Amino acid sequence: MDNNYKPNPENLVEVNDLKMYFPIKTGLLSTTPLKAVDGVSFAIKPGETLGLVGESGCGKTTVGRALIRLYKPTDGDVFFDGKRVDDRSIGALRKDMQMVFQDPYSSLNPRMTVEDIIGEPLDVHKLYSSRADRREKILHLMELVGLNAEHATRYAHEFSGGQRQRIGIARALATNPRFIVCDEAVSALDVSIQAQVINMFEDLQQKLGVAYLFIAHDLLVVHHISKRIAVMYLGKMVETADADELNENPMHPYTTSLLSAVPYPDPIVAKSSKRIILEGDVPSPLRMPSGCPFRTRCKYATEQCAAEMPKLTDRGNGHMVACWNK
Amino acid sequence: MAKEAADVNKMPKKNPLSLQIDLQKFEKATDEEKTQAEVMSESTSFFRDGMRKLRRNPLAVFSIIVLIAIILMITVVPAVVPYSYSDIITVNGKRDKSATNMAPFTYSKMEQKYIDEGGKVFPHIMGTDELGRDYFVRVAYGTRISLLVGVFASVIVLIIGVLYGSIAGYFGGKVDLIMMRIVDIIYSLPDLLMIILLSVVLNEVLKFDGNGILARLGTNMISLFIVFGLLYWVGMARLVRGQILTIKQNEYVLAAKVSGARSSRIIRRHILPNCISVIIISAALQIPSAIFTESFLSFISLGVKAPMPSLGSLASAARSGITTYTYKLVFPAVMIGLITLAFNLLGDGLRDAFDPKLRR
Ligand SMILES: Nc1ncnc2c1ncn2[C@@H]1O[C@H](COP(=O)(O)OP(=O)(O)O)[C@@H](O)[C@H]1O
Ligand code: SF4
Ligand SMILES: [Mg+2]
């Protein structure tokens, strides 16, 4: 933690050198730190969206959860609205920071009605004056996310995946937050429903001015909604740029491969495409390669890559890349 | 219209060779589509759904009927039958010394004489015991005591086990580690030996005066309850802890934390409702096991204090004349069998109907 770090007052959320290590038992008494997130920094302005992409297991969820203090970060600074987020301040900030979860099934309590699920944040923060007021607020939220108000007394298991996700979004919106972490909020949905839900996220942003950290493993999904995109690999940030810039001019070898990582059923098209096939598996975060984390799969890797970890450096217009050779 | 077109143009360009979905082909969902006014099936709560399944299970329904019949019997019989469990039968105000060890539905000489003279004598449905007490009333009382012991013991187990297990499971980590090692130690204590030792000690220490239920039950029963409170909750605690560890992983618990809910609210609103069925099932299965323990203790004369009967002490007393008066063993033994069987079948039925792991 850096006590002298001063956040930029323009940023709603600012994360500086966030680290989250999980102790993993390796023997009877010995533990090894699993570096799920290892020095990630980013900032989000009010009403803006930052997309966070990377393969599954690279630490995206952990970033979101440490940021919102579901986990206690091992190190690093998180600021919200200029205030440091720590155990003392988080209670007052809960209202302003919310989360939408990945799994539309396990994120809704099967024993509660939709009304009580959406009403829970209202109950916790005592945000209503009477039962009637509570009900009115809940119905308004349901309407906001496109749910039929008549279904307020139903149980979550009676809804489809997309509708369940809307319930989760209504719950996140209940306290009128300024920032929402959307952790793969559309990944579990059918493609057609994905588009609907993403559109709704955008609509809500325009109406309510809420900022998002939009996590996904699909660059295309993130591109659609984000102003800026950050690419993660093995707990580290490897590239960050404005969404269009990243799409048109990806620099880091990992980002390039992500952008082309789509299977082609047509062999002729596949041959002629400049598809970059990533070889090998993601190394275990317990046995992180020395130097650049991507070097075990990178075709540009040199000796320098093994010796030293490249830092994120600005390549103009805020396009930051962590790579020695690109 | 123009706005919509602009929206479409804002979408990212697709790499022409990519098979990824082209977002430009997507249309904005209309408000109508967004409302998704789907026709939904009749709303069913978890509880109603479970009850429906329970009603369809013949064994469970049978055991519910048996249990209701037994409960009716133990409440109605002592009120209707004009004999008491502790007093020798009196005929017309006089003690009937000859009315011992009678077979079911027979009358003693004194009673026969009284009937011949025009008096009315309530039949001895199960005969009488060796001291001349009506056996039907004693069996009804014994069942009452045994059931009370079973229910009370499992309530003790339920309360302690749920509290302990939910604290260990919810807070996890070091708290869990220490609490579960204590459970392991308690698990390894020999329970019957503890009951015997405790009742010996309590017999010396505790003196109950008067006519309260505790005094009438005797110190043996108190020590049985204490031992249940001290030892038997560990199984429940383990079960609850395991359940909570699993439920804690669900994202709805994280969502409640993000909403700012405190631990007590999370346990109350999210965790307990999702493991309550498993807990209740296991508490229902605890009742016959407590009844069995009580019967066993009474059988080795560590049970309820005479003249209070329990099914176990009745069975124990019946041993002496087992060849001549077999019925005296049959009645309490059948009662014990019926109760334990009914609770076990009901517990299984509840599990089939309500255990979330077995659903769908
Ligand atoms: N609570 C935890 N304890 C131990 N390891 C964890 C925990 N949560 C995540 N991890 C590990 O951290 C890494 C990153 O996980 P995660 O943040 O879920 O990735 P992503 O969301 O990008 O798929 C994974 O290797 C995962 O196994
Ligand atoms: S630093 Fe080296 S290994 Fe890492 S991405 Fe760049 S070229 Fe590849
Ligand atoms: Mg994840």
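## A contact inside chain B

The side chain of D176(B) makes a polar contact with the side chain of R241(B), at 2.6 Å, where a polar contact is a pair of N or O atoms within 3.5 Å and, within protein, one atom must be able to donate a hydrogen and the other to accept it, while residues adjacent in sequence count only if both atoms are side-chain atoms. D176(B) sits in helix α7 of chain B, which covers residues 173-187; helices (H or I, at least four residues) and strands (E, at least two) are DSSP runs, numbered from the N terminus. D176(B) counts as buried because its relative accessibility is 9%, given that buried means under 20% relative accessible area, exposed over 50%, and partly exposed in between, with a 1.4 Å probe and protein chains only.

This is a predicted model, in which local features need pLDDT of at least 70 and side-chain atom pairs count only at pLDDT 80 or more, whereas totals for chains, interfaces and linings use all residues. Residues are numbered from 1 along each chain as its sequence is written, chains are lettered from A and ligands numbered from 1 in the order in which they are written, and side-chain values use heavy atoms, with hydrogens and water left out.

## The surroundings of ligand 1

Ligand 1 is surrounded by 14 residues, and the closest are G57(A), G59(A), K60(A), T61(A) and T62(A); a residue is near a molecule if one of its heavy atoms lies within 4 Å of it. By class, this shell holds 7 nonpolar, 5 polar and 2 charged residues, where Ala, Val, Leu, Ile, Met, Phe, Trp, Tyr, Cys and Pro count as nonpolar, Asp, Glu, Lys and Arg as charged, and the others, Gly among them, as polar. In chain A, β1 (13-25), β2 (31-44) and α1 (60-67) each supply at least two residues of the shell, and the largest share, 3 residues, comes from α1(A).

Taken alone, ligand 1 exposes 560 Å², and the protein buries 67% of that, with accessible areas from the Shrake-Rupley method and a 1.4 Å probe.

Helix α1(A) is mostly covered, since 7 of its 8 residues are buried, namely K60(A), T62(A), V63(A), G64(A), R65(A), A66(A) and L67(A). Just after this helix, R69(A) takes a positive phi of about 65 degrees.

In strand β1 of chain A lies D17(A), which counts as partly exposed because its relative accessibility is 31%. The C-alpha atoms of D17(A) and Q304(A) are separated by 23 Å, and the two residues are 287 residues apart along the chain.

## A pocket and a cavity

The second largest pocket holds about 790 Å³ of space, and of the 24 residues that line this pocket the closest to its centre are L70(A), R94(A), Y170(B), K257(B) and I266(B). On a 1 Å grid over the protein atoms alone, a pocket is an open set of points with protein on both sides within 12 Å along at least five of seven lines, a cavity is a set of points where a 1.4 Å probe fits but cannot get out, and lining residues have an atom within 4 Å of a point. Its lining has 9 nonpolar, 5 polar and 10 charged residues, and α11(B) gives the most to it, with 4 residues.

There are 2 cavities of 30 Å³ or more, and the second largest cavity holds about 50 Å³ of space, a volume being the space filled by probe spheres set on the grid points, which are joined across faces, edges and corners. Among the residues lining this cavity are C292(A), F294(A), C298(A) and W324(A), and its lining is made up of 9 nonpolar, 1 polar and no charged residues.

R111(A) is found in the loop between β6 (97-100) and α3 of chain A, and R111(A) is buried, with a relative accessible area of 19%. The side chain of R111(A) makes a polar contact with the side chain of N274(B), at 3.5 Å.

D81(A), in the loop between β4 (75-80) and β5 (83-84), has a phi near 55 degrees, a positive value in a residue other than glycine, and D81(A) counts as partly exposed at 34% relative accessibility. E184(A), in the loop between β7 (179-183) and α6 (191-208), has a positive phi near 50 degrees, but E184(A) counts as buried at 5% relative accessibility.
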